[in-house]
Amino acid sequence: MAVEVLRPVVDLPRAGILRRIRRAIMTDPLALAGVAVIVLLAALAVFGPWIAPYPEQGAGQSNVPARMLPPSLEHPFGTDGLGRDMLSRVIVGARPAVAVSLLVVGLAMLIGVPLGAIAGYRRGRLDALIMRVTDLFLAFPPLLLAMVIVAALGPGLEHAALALAISWWPWYARLARGTATSLRERSFVEAARSIGVGDLTILRRHVIPNLLTPILVQATIDIGTVILAAGSLAFLGLGASPPTPDWGLMVAEGRTYILDQWWLSAFPGSAIFVVVLAFNVVGDLLLDVLDPRGTR
Amino acid sequence: MTRFILRRLAGSGLVLLGLSLVTFALARVVPSNPAAIYIGPKARPEDIARVTQELGLDRPLPVQYLTYMGDMLTGNWGTSIGTKRPVLEEIFGRLPATLELIGAAMLLAVPLGILLGVLSARWQRRPPDLVVRVVSIVGVSIPAFWLGLLLQVVFFRTLGLLPLTGRVDADLRFTSPIVEVTGLYLVDTLLAGNWTALRDVAWHLVLPAVTLAAYPIGLIARMTRASMLEAIGQDYVRAARAAGIRESLITYRLALKNALIPVTTVVGLTLAYSLTGTFFVEVVFNWPGLGTFAVKGLLNLDYPVVMGITLFGAIAYVLINLAVDLAQSWLDPRTRLA
Amino acid sequence: MTAPLLSVDDLAVRFVTPDGTTTGLDGVSLEVRRGEIVGLVGETGCGKTLTGLAILGLLPRSARVVRGSVRLDGDELLGLTADRLREVRGARVGMVFQNPASAFNPVFTIGSQMRYVLAAHERLPKAEAEQRIRETLAEAGLPEVERVLRAHPHQLSGGMLQRAMIASALLCRPQLLIADEPTTALDVTIEAQILRLIRRLQESRGFSVLFITHDLGVVRSVSDRVVVLYAGRVAETAPTADLFARPAHPYARGLMAAVPHASGRREALASIPGAVPPDVGTIEGCAFADRCPLVVDRCRAERPLLRELAVGHRAACHLADAGAIL
């Protein structure tokens, strides 16, 4: 769900862009908070098992005597049906969330960027063919293709990541194609072509490196959306399987008890929400700074 | 105009042809042994052999594809392994419940999203704008399945205001049963003048519809704000001001009509979102629609159901895109002649 | 002599941006008398469009009027409430913009846009309103009234749109027409037609025109009097013939020299070496000092005020005195 459907093509950044981004973040408390959340997420993903109060429970070890405890000082997020500390589960859950989203975005870029760059650089029939294929992948309602692929492959975090990457790459192909098309007309590419540099070399040396900036900006923004998508798949049972500390899966596991042990679903869900919110806030700001029309 | 529609329809036909190829590939080529999947986990070798022949899986792929296409076109979408009923029949049987949910969500989201976006643009950088921006970014960031659970806790458990799950109260069958005509309960109860049932149906619809509407509201409000700001900055708005036309008329009529052109695209996108968004909402609220059916099919690898739902969703998506194009050409006279 | 229809006095506008403030207008004064066409000329960015917008309170949000006065027929326009200002716009002052293709709303017909304009100021019975719109369009040289009324902007040519725009601006019979580069976006033959149209309508209806342009050829053919702006200040003002015959301000002389006499059209005004100062508000002396071939010490120290050199001919230059121009 919530596949980011509005995908404004990020313009080629101009000089001083980093400085402008930094200034924009510094002057916007909301964006600053967003950046803080993202930094925290990264820290938890790396150091989670050392930060969590009960790391072994976070990883799945049960502690039945302490089951279904409501939030308290000792267990700020309460404990689940197996007596596991929910705070630890949520903290340890940062790593799979980040890992999956990096994997998805990375794979999608790996497939999409070369295809889009070739399509935009070569134009003509090859372009038409590649773009028709991407259109086909985009002709499914968001996430439907990914759901079907996970169903066919069977549940599991890696399968969910693969399925998401397969339904995500067309966006990068489109973005890469748009930028490559404009690069094609630029003087340094034309110069290389006129002195007889081969197409593949031009693609590798001039086109792809130059279109990486907008792609990477988009990829950064996408991380949040992918976390939401992966969480959504897991919620349906089409992603991580127990005892993986996956936020979406935890929400699903807590659903049965939602009316009495609300904390089981509430905290992992809020982790997804806060992270996605942070990426969207920062993404908005990035697009604001990069959008020449300034209408967003 | 007619030519435009015909050309778009032809284009949609091509996309559907491609889609059928993809779904065919997913059903027959990706799984290593489709027959085994068809029968289920307890397949014996002789069953597999029988089914392989029955389904024509031993024939060349192009022949299989043509057979598959023929089946799809003649409405033979296979039989659900789980329910043992024809997939197409199942889909149309559950469609009204989902349509009612999506319809209610969109009826809520489109006017509200546009209103919020317009207010936000009208009061740019002032308090209403800030409130709307926060609401819209929360709307697009909140996981629908989690929002649904929170709403259940608040409105069912804590406040006791609204029902927890389902389309109607179980007792309603005995007290004032709904006579199904359209399958849209709101319409059916209204037509029958069955006010008790109407009230019950409406109450059941509130939470799922709000949950499903959250993302569309956020996205539509954002897009409306952006395109209103763009419209307000145009020469024709300055010219209208210079001509002494009232500011409210300029905002809510002259600029808004321009701003709505890109908004139709986003409305289409959110409608497409709700095609799968409804899966999550239906699961949370135990809604007897296409979503719960699809999720059950996916989890049990009920292949005919999965393929049917995929194709159905893709067709719906194509139709939504077509509707968006038509709406745009209707709103924008510059494309009307195209 | 009767009081002028429009008198702008010491108008100053500043832009406030996140990067600081700059000066848009630095004490502009000008007059438009009844039945007169006044040309307002200058280079891009000299403040001529800003002056037009400031008169009607249409400045962009980043711009603020910091001092001065704008009187229309004796009524002060600066500081009017939004509602009162709205009653002036379109009713007592009509405005025509540079690009007719973008000044009309693309998704409404010309007819409905004109109906909105008329309805904003006059409550007429429907038939009478329609009658007024048709007559005005026909008067503006659009005989195919029915087709124009039903057309969307993209279906009409630039010349037709500008005629419709003029008709729209004159719909409520204003006393003053502000035309901001009304022919710049049009090609040469259409431009000549539009200029003739404005002249003709002005003669038959008797309104006044403030004609904003960067094109001296246009000014020469259309206006009775000219005001030359430089960097947000008035450099010189004179009857058209007088100015072209005896420009007094070195900047105006530079402009005249830059116009080839044969055609007198569309030649770059900025063939004077040097550049316009970035913020005239910080300059104590003459804004043109750095580019002026005749500059003396006094020019940098003391701001020259407009001085009357001959009847109706004034220039803001320490060196331009009555003797020099005669």
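The model is predicted: local features need pLDDT of at least 70, side-chain atom pairs count only at pLDDT 80 or more, and totals for chains, interfaces and linings use all residues. Residues are numbered from 1 along each chain as its sequence is written, while chains are lettered from A and ligands numbered from 1 in the order in which they are written. Of the 2 pairs of chains in contact, chains A and B share the most contacts. Two residues are in contact if their C-beta atoms, placed from the backbone, lie within 7 Å.

**Chains A and B**

- Chain A brings 39 residues to this contact, and chain B brings 45 residues.
- On chain A, two or more residues each come from α6 (124-137), α7 (144-153), α10 (199-236), α11 (247-255) and α12 (263-290).
- Helices here are DSSP runs (H or I, at least four residues), numbered from the N terminus.
- α12(A) gives the largest share of the side of chain A that touches chain B, with 9 residues.
- That side of chain A has 28 nonpolar, 7 polar and 4 charged residues.
- Nonpolar means Ala, Val, Leu, Ile, Met, Phe, Trp, Tyr, Cys and Pro; charged means Asp, Glu, Lys and Arg; the others, Gly among them, are polar.

**Chain C and its neighbours**

- The contact of chains B and C takes 19 residues from chain B and 23 residues from chain C.
- On chain B, α11 (235-242), α12 (247-285) and α15 (333-336) each supply at least two residues.
- α11(B) makes the largest share of the side of chain B that touches chain C, 6 residues.
- That side of chain B divides into 9 nonpolar, 3 polar and 7 charged residues.
- No contact joins chain A and chain C; their closest C-alpha atoms lie 12 Å apart.

**Two helices in chain C**

- Helix α4(C) (residues 110-121) packs against helix α5(C) (residues 126-139) at an angle of about 115°, with axes 10 Å apart.
- Axes are lines fitted to C-alpha atoms, for helices over the stretch in contact, and angles run from 0 to 180 degrees between N-to-C directions.
- Met114(C), Arg115(C) and Leu118(C) of α4(C) meet Ala129(C), Arg132(C) and Ile133(C) of α5(C).
- By class, this contact of α4(C) with α5(C) has 4 nonpolar, no polar and 2 charged residues.

**Around Ala160(A)**

- Leaving aside neighbours within four places in sequence, Ala160(A) is in contact with residues including Val100(A), Val150(A), Leu233(A) and Gly239(A).
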